[in-house]
Amino acid sequence: MRKILVVGDLNVDVIISGMTEFPELGREILCDNIQTVLGGSASIFACRLAQLGAKVDIFGKVGNDENGKIVLNTLKKNGVGTERVIIDDALRTGVTVSLTYPQEKALLTFTGSIGALTPSDIKPDLFRSYDHLHVSSIYFQPKLLDSLDEIFMEARNHGLTVSLDPQSDPLGEYNKIWSILKNTNIFLPNEREAKEITGLSSLNDALSKLSLTAQTVVIKRGSRGAIGRTEEHIVKVKALKVNPVDTTGAGDAFDAGFIYYYIWKKQTFKRSMEFANAVGALSCLYTGGAEGKITEEAALKFLDEASKQVGS
Ligand SMILES: Nc1ncnc2c1ncn2[C@@H]1O[C@H](COP(=O)(O)OP(=O)(O)O)[C@@H](O)[C@H]1O
Ligand SMILES: [Mg+2]
């Protein structure tokens with residue numbers, strides 16, 4: 001495998017933590033920390049994939065501003081190729097403000113440059129140098145959404161395999177996804193997204209329904225692990241034991257672990273699910289989606305230790 005191309009959201013996350021209560025209109029409350037870090041499902045995915053050892057380029061837009069510089073510098077520092085990123089003077093880089101509490105978080109997003117990608121930005125020859133395409137956060141990219149089925153078909157015609165993490169639709173509509181899934185090799189929603197997309201309340205039913213259209217489906221279940229299906233082969237993994245500090249980007253880290261093992265290293269479906277589960281769990285130990293460095297060696301060591309604990 002030569003290289004993976006990631007298309008999607010590049011933005012910063014402003015993570016606010018250590019509040020004892022929820023902010024209220026007309027009052028001021030204090031917090032322990034505010035950090036600006038790389039955000040965006042696609043950029044976090046790309047960083048984790050590069051940390052694991054794959055060659056990866058990212059494509060998307062940022063504004064010509066300080067937040068854009070944070071995005072590009074963090075991607076580069078992690079070894080992600082950024083030559084294709086469009087820096088647009090007319091845009092401001094997207095920002096997600098994350099009010100982080102021990103069990104939950106409240107998110108507020110200014111899409112800015114995230115929503116600016118258009119189908120004409122994606123030239124067919126973009127796919128020439130790659131073997132796999134991963135797209136994330138399609139509902140924050142409304143201009144791209146209508147054409148994604150064709151873009152995926154174009155990528156497949158160029159010989160690429162395609163993976164998709166939809167992320168949630170803020171409007172809760174999840175429209176247009178079925179025609180996109182027809183050209184998706186690997187679909188990676190979380191449990192809520194899988195149920196909302198299918199309109200089914202049973203996880204197994206949602207998995208079966210999605211599997212009728214997408215070739216391989218992996219549903220992430222937070223602290224309950226993950227379940228996946230490829231053809232008739234179903235694999236369930238229980239979450240590995242960690243004390244989470246921040247679960248931002250756990251799903252993207254899981255995706256990176258899965259694509260790294262299944263696509264880049266051509267491992268079995270079961271082994272790839274286990275490896276992804278370890279990368280997802282390890283990512284919960286860092287504040288911010290792409291912070292720390294999760295290597296293949298670290299994930300394998302963690303997986304090995306976790307399996308000994310289960311066995312004892
Ligand atoms: N509390 C946790 N303990 C252990 N692993 C976790 C935990 N939260 C998430 N993970 C791992 O990360 C994966 C993705 O997390 P999830 O929250 O389901 O995704 P998303 O961020 O897309 O909502 C899970 O399937 C699991 O492997
Ligand atoms: Mg997710």
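Which residue in E13 is the bridge partner of valine 218? I looked this up before anything else. The partner is glycine 228. The model is a predicted one, and I kept that in mind throughout.

**Entry 1: the E12-E13 pair**

I followed the two strands around that bridge. Strand E12 covers residues 216-220 and strand E13 covers residues 226-230. They run antiparallel, and five bridges join them.

**Entry 2: the sheet**

Next I traced the sheet as a whole. I found eight strands in an open sheet. I noted their order as E4-E1-E9-E10-E11-E12-E13-E14. The pairing is mixed. I then checked the edges. Strand E4 (56-59) and strand E14 (233-237) are the edge strands, each pairing on one side only.

**Entry 3: strand E9**

I moved to E9, residues 132-136. I asked how many of its five residues are buried. The count is five of the five, so E9 is largely enclosed by the rest of the structure.

I looked at the side chains too. His132, His134 and Ser136 point one way from E9. Leu133 and Val135 point the other way. All of these residues are buried. I recalled the general rule here: in a regular strand, side chains alternate between the two faces of the sheet.

Then I listed the neighbours of E9. Strand E1 (residues 4-7) pairs with E9 in the parallel sense, over four bridges. On this pairing, isoleucine 4 has histidine 132 as its bridge partner in E9. Strand E10 (residues 161-165) also pairs with E9 in the parallel sense, over five bridges. There, histidine 134 has serine 163 as its bridge partner in E10.

**Entry 4: ligand 1**

I turned to the ligand. Which residues are closest to ligand 1? They are Asn190, Gly222, Gly225, Gly251 and Asn277, out of 17 residues that surround ligand 1. By class, I logged eight nonpolar, seven polar and two charged residues in the shell.

In asparagine 190, a side-chain N or O atom is 2.9 Å from an oxygen atom of ligand 1. In glycine 225, a backbone N or O atom lies 2.8 Å from an oxygen atom of ligand 1. In glycine 251, a backbone N or O atom lies 3.1 Å from an oxygen atom of ligand 1.

Ligand 1 taken alone exposes 560 Å², and the protein buries 85% of that. Helix H8 (250-264) and helix H9 (269-283) are the elements that give two or more residues to the shell.

**Entry 5: threonine 100**

I found threonine 100 in strand E7, residues 94-100. Is threonine 100 buried or exposed? I noted buried, because its relative accessible area is 11% and the cut-off is under 20%.

Threonine 100 and isoleucine 16 are 84 residues apart in sequence, yet 5.9 Å apart in space, C-alpha to C-alpha. Leaving out residues up to four places away in sequence, I listed the contacts of threonine 100 as Ile15, Ile16, Ser17, Gly18, Met19, Lys105 and Asp246. I also found a polar contact of 3.1 Å between the side chains of threonine 100 and serine 98.

**Entry 6: serine 211**

Serine 211 is buried, with a relative accessible area of 18%. A polar atom of its side chain lies 2.7 Å from the backbone oxygen of leucine 207. Beyond neighbours within four places in sequence, serine 211 is in contact with Val217 and Arg229.

How values were computed. Residues numbered from 1 in each chain as written. Chains lettered and ligands numbered in written order. Predicted model: local features only at pLDDT ≥ 70, side-chain atom pairs only at ≥ 80, totals over all residues. Heavy atoms only, no water. Buried < 20%, exposed > 50% of the residue type's maximum accessible area, 1.4 Å probe, protein only. Contact = heavy atoms within 4.5 Å. Polar contact = N/O pair within 3.5 Å; in protein donor to acceptor, adjacent residues only side chain to side chain. Near = heavy atom within 4 Å. Areas by Shrake-Rupley, 256 points an atom, 1.4 Å probe, with all protein chains shown as cover. Nonpolar A, V, L, I, M, F, W, Y, C, P; charged D, E, K, R; others polar. Pairing = 2+ DSSP bridges.
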